[in-house]
Amino acid sequence: MLVKIIIVGLLGFMIYNLFKALMIMNKNDPDQPKMSTFIGRRVMTSVVIVLILLVGILTGVITPNPHP
């Protein structure tokens, strides 16, 4: 159950960074951080989610659906 909570939290963080980058892109303010910072965080979060899923499946913590 803890793995699922962590994954949902990371997905929420990923969505937050996506909308933060959208707001920066729309404002086009040179004083704010670059949009690529938030897009990079989003990509790194998705890499972490995939790694957690792979490790969880390989260790048996997460069981995949046998009949998709």
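## Helices in the model

A helix is here a DSSP run of type H or I with at least four residues. In this predicted model, Asn17 is part of one such run, helix α1.

Helix α1 covers residues 2–27. After α1 comes Asn28, which has a positive phi, near 55 degrees.

## How α1 and α2 pack

Helix α2 is formed by residues 35–59, and it packs with α1 at an angle of about 165 degrees. The axes of the two helices are 8 Å apart. Angles over 145 degrees count as roughly antiparallel, and α1 and α2 are therefore roughly antiparallel to each other. Their crossing is left-handed.

Sorted by class, the residues in the contact of α1 with α2 are 18 nonpolar, 3 polar and 3 charged.

## The buried residues of α1

The buried residues of α1 are Ile7, Leu10, Met14, Asn17, Ala21 and Ile24. These buried residues pack against α2. As a general point, an α-helix has 3.6 residues a turn, so residues three or four places apart point the same way.

## Asn17 in its surroundings

Asn17 has a relative accessibility of 0% and therefore counts as buried, the cut-off being under 20%. When neighbours within four places in sequence are left aside, Asn17 is in contact with Phe38, Arg41 and Arg42.

Definitions and conventions. Residues are numbered from 1 along each chain as its sequence is written. This is a predicted model: local features need pLDDT of at least 70, side-chain atom pairs count only at pLDDT 80 or more; totals for chains, interfaces and linings use all residues. Side-chain values use heavy atoms; hydrogens and water are left out. Axes are lines fitted to C-alpha atoms, for helices over the stretch in contact, and angles run from 0 to 180 degrees between N-to-C directions. Angles under 35 degrees count as roughly parallel, over 145 as roughly antiparallel, 65 to 115 as roughly perpendicular and the rest as oblique. A crossing is left-handed if the near helix is turned anticlockwise from the far one by less than a right angle, and right-handed if clockwise. Ala, Val, Leu, Ile, Met, Phe, Trp, Tyr, Cys and Pro count as nonpolar, Asp, Glu, Lys and Arg as charged, and the others, Gly among them, as polar. Buried means under 20% relative accessible area, exposed over 50%, partly exposed in between (1.4 Å probe, protein chains only). Contact means heavy atoms within 4.5 Å.
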